[in-house]
Amino acid sequence: MLVATSKGKPMNYSNDINTEDVSNNQKWIVKNRVSDDVFTNRVNFLDYYYRVSLQTSQRLTMSNVLLGYRRMGKTEIFRRVVNKLFFEQNKKSPESVVPIYYTFSDQIKDDIQFATEYLETFLRFYLGFYLDEPKLIKKASGYNELRETAKKAMANVPSSETLNWILTTIENITDYPVPAKVAIELPRRVSDIDDTNIVVFLDEFQNANLPQFDFNVVGYYQEGADSPTCPHFLTGSAMSILLMEMVGKGALFGRFKFKKIEAMTSYHSSDLALKVAQKYKADINTNIAPVIAQRCGGNPYYITALIQHAAELQRCIHTEADVNDILAIDITSGFIWGELSDQLHKWITRINQSNITKWILYLASLEENGRDDDPSDDKEIDLTKIQKALKVKEHVDVDISKIRDIMIMLSRGDLLECRALSFFRIKDPVLSDFIKVWGKIEMDRMKFDQVKNDLRNQYYKFSKKSLDEYKGYLAEIHMSQILLASQKKILPGKWFHQEQSIEMPEFSFVNHRFRLSSGISKEIDLLGAAGPEAWVCQSKWVEKTKIGINVLKNLLEQSTEVKKNMNLLFMKQWIFAHDGLTKDAELFAKEKNIFWSDRIDLDALLKHLNLRPLYSFGAL
Ligand SMILES: Nc1ncnc2c1ncn2[C@@H]1O[C@H](COP(=O)(O)OP(=O)(O)OP(=O)(O)O)[C@@H](O)[C@H]1O
Ligand SMILES: [Mg+2]
């Protein structure tokens, strides 16, 4: 239960902000945490993992690791794919693929405990699938019950001999010199021997190596990862450690394909904000949804946490000031505080160098950063400044090389970014602010209320735009989603007031509020870059007024600057004008080949691409 925290220490919220259904009717073997009415997008990932899992039967699938910053929805994707594989296949077919799902705990201390648990999980999923018995998996029954079920199921599995062998291996696991290796390799041996198909989904894979417990089973995956009959799909919550220390070097190097999950686009994260608001009956204004999305960096966890907290506190979110206030409260004392302090604590325990590490992380967070939405606007963290601050704060002399080593470890936990031995703050606006808040409380021993108030004050100074400007931004995120969703497709020209159809390129990036490194100072609403071609777009949600020629001239100017600055060959200019263009502007657009769409055109385009139409503000 959440309680409004106006004073005192931060509350200990549970990190789980699940939006799962209370009903038990859903088809699941591993429970998804997000209900269908809230689950947003990520279709490409669901389709991809489902498709490549099925292709195991053709021996076409390579092992794969899903990489992404914290709380982007990796676990949710794996769980949904596992459930789909269980419920949507003909289990009697020799082509069918058995899904196994295992989550590494961060408390594994012993090889035998791990091996036993791993093998029992495998047996539970294996039997559950062939017997078509979801309960066997859901109930997590003990070994004796599993054994009884297995003994009665000999006729229902591909080979009774193999099933007996699995049971014998589990029962004699302590006799093997390296039990963890035997356990990890067993699924692959089973599918090899019987020529069946198995896919193993492994979550929290960073815990396959726990230095603080001297536990490391990563190398044993070499055989499994190479198997065409039993590919392994991995994910976990510290992307850099997975990449740099686990699959990017050593025994597993070159054995995995990588797939990267990014923050949700502004369109999808706004959509999520509205869905969560509806589910929790939070009172939010539609045109503020993109502001929530932006302030949360497109991270679905932060978005959900913020809105759920607002609903609990019965606070409305009608203006940017409301967003700032709730965000400040949540970072300092809500779900986000609970979640991030837990993550930080776990990581620092893992590094095992407690106090200096905490100071370094906090001091690095105080360094000025560039804009979170602009990767070219990075500022390198100055290690000598940290060294001096350590002397003042902790009265210790720490070598630059030691500071660097600790910063490398922090970057492995995705708490800093490390590029060619230079360090930058991570591009996660919420995490950045959280670390500052946490440091002030934990390291500088500042009073909690004071810190919360400072953050509210800092957020209050954020640019305050009028609601009409937010409408423009709302249309802009629909425009960018149109660019993304129509890549490599042909769109009818009529919605752009063009006679010819429009061949859409494949974009390398589509950025909002784009600033050129030199030249014009004004931001470009939206820029889509596709090699030699670029789309320069502007959004004008102005009702009851038609857009005139000057706006188009400005767009052309921007386009010319972009062309020159980025050395491009082909430019497209596209403007959204809610109520259309004046007669003069229409003629100008035709003459200069400027694409334009009014509200009806934009809604038609959105519908054509199966996207949500623009909102109707009159109805709110
Ligand atoms: N597609 C989605 N639609 C709606 N909400 C989502 C979606 N994906 C994730 N979430 C929200 O974000 C939370 C975190 O998701 P999840 O645990 O799957 O992330 P993760 O990437 O596995 O995190 P970690 O890095 O900590 O392991 C979910 O509990 C849910 O609230
Ligand atoms: Mg996860």
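Two strands count as paired here if DSSP finds at least two bridges between them. I keep that in mind for the entries below, and I note that the model is predicted.

**Domains.** I looked up the domain assignment first. It gives domain 1 (43–260), domain 2 (266–318), domain 3 (337–460) and domain 4 (467–619). For domain 3 and domain 4 I checked the separation: their C-alpha centres lie 39 Å apart.

**Sheet.** I then traced an open sheet of 5 strands, and I read its order as E12-E13-E14-E15-E16, with mixed pairing. At the edges I found strand E12 (509–514) and strand E16 (595–597), each of which pairs on one side only. From one strand to the next, the twist averages 20°.

I looked at one pair in more detail. Strand E13 (residues 524–530) runs antiparallel to strand E14 (residues 533–540), and 5 bridges join the two. In this pair I located leucine 526, which stands opposite cysteine 537 in E14.

Next I asked what lies across these strands. I found helix H21 (residues 549–566) across E13, E14 and strand E15 (570–577), and its direction is at about 150° to that of E14.

**Ligand 1.** I listed the surroundings of ligand 1 and got 23 residues, the closest being Gly73, Thr75, Glu76, Ser237 and Pro300. Sorted by class, the shell has 8 nonpolar, 9 polar and 6 charged residues. I traced the shell back to the domains: domain 1 (43–260) and domain 2 (266–318) each contribute at least three residues. Among the helices, I noted H2 (74–87) and H12 (300–312), each supplying at least two residues of the shell.

Terms used
Residues numbered from 1 in each chain as written. Chains lettered and ligands numbered in written order. Predicted model: local features only at pLDDT ≥ 70, side-chain atom pairs only at ≥ 80, totals over all residues. Helix = DSSP H or I, 4+ residues; strand = E, 2+ residues; numbered from the N terminus. Axes fitted to C-alpha atoms, helices over the stretch in contact; angles between N-to-C directions. Contact = placed C-beta atoms within 7 Å. Domains from an automatic or database assignment. Near = placed C-beta within 6 Å. Nonpolar A, V, L, I, M, F, W, Y, C, P; charged D, E, K, R; others polar.
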